[in-house]
Amino acid sequence: MHTLKLIIRNALRHKIRTGLTVLGLLIAVLAYGLLQTVVDAWYAGADAASKTRLITRSSISLAFTLPISYESRIKGVEGVTTVARSTWFGGIYKEPKNFFPQFAVTENYIDLYGEYLLSPAERLAWARDRKGALIGRQLADQYGFKVGDVIPIRGSIYPGDWQFVVRGIFEGSDETKITRHLLFHWEYLNEWLVQRPTRKANQTGVFVVGIDAPDRAAAVSRLVDAQFQNSVAETLTETEQAFQLAFVSMSNEIIAAIRVVSYVVILIILAVMANTMAMSARERTAEYATLKALGFGPGFIAWLILGESMAICVVGGGAGLWLTPHAAAAFKQTAGGIFPIFAVSHATVVAQVACALAVGVVAAIVPAVQASRVRIVDGLRAAG
Amino acid sequence: MPATQPVIEIRNLVKSYHRGGQIVPVLTNITLDIQRGEFTALMGPSGSGKSTLLNLIAGIDKPDSGMLRVGGLDITVLNEGELADWRSHNVGFVFQFYNLMPVLSAYENIELPLTLTNLTRAERRERVELTLSMVGLSDRADHYPSELSGGQQQRVAIARAVITDPVLIVADEPTGDLDRQSASDILAMLQRLNTELDTTIVMVTHDAFAAKTARCMVYLDKGELILQPPVI
């Protein structure tokens, strides 16, 4: 009881110093949590990818399309259940800052994405409308789109003013699913292309390939690619996750930088905390010597310092932990949908707790060891 | 222990410090006995080694050689842990600058040494209240050291020193930081403890007035014992 009392009262002895250290910890733990959540958000698409979906694309680059004649040959590969087409549209809604993905897809595309929940009536309505589009719930909520609304899109890859009628809004099966995109009929795009002098007609950006078992992904990928070996448009088939990660890898340096910054923030607060504890311990040398003279052991002295350090870290880290989801929600709102999934993961929370505790322990080690080793007669000279 | 056996027996005690690569002798062949219930003043000029001798007697420093028995136990052979345990049961400390824990109240400071014992909270409370009344600070139990005068702080320190009923109280310049009146009060209190509780007290002082309170004086000069005259 006396130990706890001493720890708490010592921690509150210099209120401004302790308050600033607690604030520093709060900011550090919060910043670490938010930065890690940014990294997680980057990988959210890949994490949510299905293991029973493969993506077949041009082996040269994503910028190159594939002939739709490949579809029947892919369907013939053992293990393949469904093949859908998907082409990146890349249009602009009103202004470039209002970015959201649009894909021209075949109707069976939605069969491959069981995580997108769509009512049969809405699906039918979409199927019946050549200009119809399906949008995700996150996109609908962001811009206030409703069924029946017309969404004007200015084409960049496919120039012109396009208009899509919202025929359905699909929900994600859980909060980790990204539903911030628009799907419209591939045929609608192709009809437009056929009328123009371009080689992009009857082509698709990628094939989305459904397979019967996740453990056959590698074998099916090899078989698909073997079909088109030495052809004018060789393919590269990979899991959806690998495909998504390839996108993410384009930003590897940025992600690495964010990660490094998040660790640096923790290192800085560790240095601040260590300095605070060292100052506190140094100021109390005579008190520790007195306690030792009274019969308290070196372990008790070390525990006093460690306990004080931990108390500060628990308060600062706890406040940072509490604030992180609120700050993440505010950040998500402010970011305007750059990160459709921006939720603080359990792993991030655990890492925040671990960082706060590690700072508490590491910052106390040197002052605790020094104070516990101080000779009583030397420590008593510091009094007065 | 026979009644005639001294409570502190010092034989050929030697202590030196290492400073700047040199060995500086502080105490040279000190041989001294202090009887149980004695109130002894250690006197001498600055640097004479009196505080060093007090530290050795209190078990917070170790001699280079020689024998030092307190209560029949040779404390020079004890390790750090054993010494800490021994001090907690046998020695009460009174320092020049009181050395109270500033974050604990007078009550809590006095109670502090008792937390190392097996006493219950109720037993501790009973003892602390008794000791507080003994030093005349019952009404200041909840006051923090910063809310007490120097004399009152030293009374708290004395209460903390006697709370465990130690064999020995060591006091290092207990009046050095006090005005004359407070100093007189503190000395009177130490004298009362000595006479009423028969507590052995060893006090370092270079104040002749303070030394007169003691019943026995020991003079040190340049680390050597000069004489041990009884105080009349």
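Author: Domain bounds here come from an automatic or database domain assignment. The model is predicted: local features need pLDDT of at least 70, side-chain atom pairs count only at pLDDT 80 or more, and totals for chains, interfaces and linings use all residues. Residues are numbered from 1 along each chain as its sequence is written, while chains are lettered from A and ligands numbered from 1 in the order in which they are written.

Reader: Chain A is divided into domains; what separates the centres of domain 1 and domain 2 of chain A, in Å?

Author: Domain 1 of chain A takes residues 2-45 + 251-380. Domain 2 of chain A takes 60-233. Taken over C-alpha atoms, their centres are separated by 48 Å.

Reader: Which residue stands opposite Trp88(A) in strand 4 of chain A?

Author: Two strands pair if DSSP finds at least two bridges between them. Strand 3 (residues 80-88) of chain A pairs with strand 11 (residues 206-211) of chain A over six antiparallel bridges, and Thr82(A) has Gly210(A) as its bridge partner there. Strand 3 of chain A also pairs with strand 4 (residues 102-105) of chain A, antiparallel, over three bridges. In strand 4 of chain A, Trp88(A) faces its opposite residue, Phe103(A).

Reader: Strand 4 of chain A is joined to strand 9 of chain A; do they run parallel or antiparallel?

Author: Strands of a sheet pair through backbone hydrogen bonds, in either sense. Ala104(A) stands opposite Phe184(A) in strand 9 of chain A. Four bridges join strand 4 of chain A to strand 9 (residues 182-185) of chain A, and the two run parallel.

Reader: Which residue of strand 9 of chain A stands opposite Ala133(A)?

Author: Strand 6 (residues 132-136) of chain A pairs with strand 9 of chain A. The sense is antiparallel, over three bridges. Opposite Ala133(A) stands Phe184(A).

Reader: How far apart in space are Arg73(A) and Phe228(A), C-alpha to C-alpha?

Author: Arg73(A) is in helix 3 (residues 70-75) of chain A. A residue is buried if 20 or more other C-beta atoms, placed from the backbone, lie within 10 Å of its own, exposed if 12 or fewer, and partly exposed in between. Arg73(A) has 12 such neighbours, so it counts as exposed. In sequence, Arg73(A) and Phe228(A) are 155 residues apart; in space, C-alpha to C-alpha, the figure is 9.2 Å.

Reader: Which element gives the largest share of the side of chain A that touches chain B?

Author: Contact (C-beta atoms, placed from the backbone, within 7 Å) links 19 residues of chain A with 19 residues of chain B. Helix 1 (2-11), helix 11 (285-294) and helix 14 (376-380) of chain A each give two or more residues to this side. The largest share is six residues, from helix 11 of chain A.

Reader: Is Asn99(B) buried or exposed?

Author: Asn99(B) is not a glycine, although it has a positive phi of about 50 degrees. Its place is in the loop between strand 6 and helix 3 (106-111) of chain B. With 25 other C-beta atoms within 10 Å, Asn99(B) is buried.

Reader: Is Asp198(B) buried or exposed?

Author: Asp198(B), also not a glycine, has a positive phi of about 60 degrees. Asp198(B) lies in the loop between helix 6 (180-196) and strand 8 (200-204) of chain B. With 10 other C-beta atoms within 10 Å, Asp198(B) is exposed.

Technical notes:
Two residues are in contact if their C-beta atoms, placed from the backbone, lie within 7 Å.
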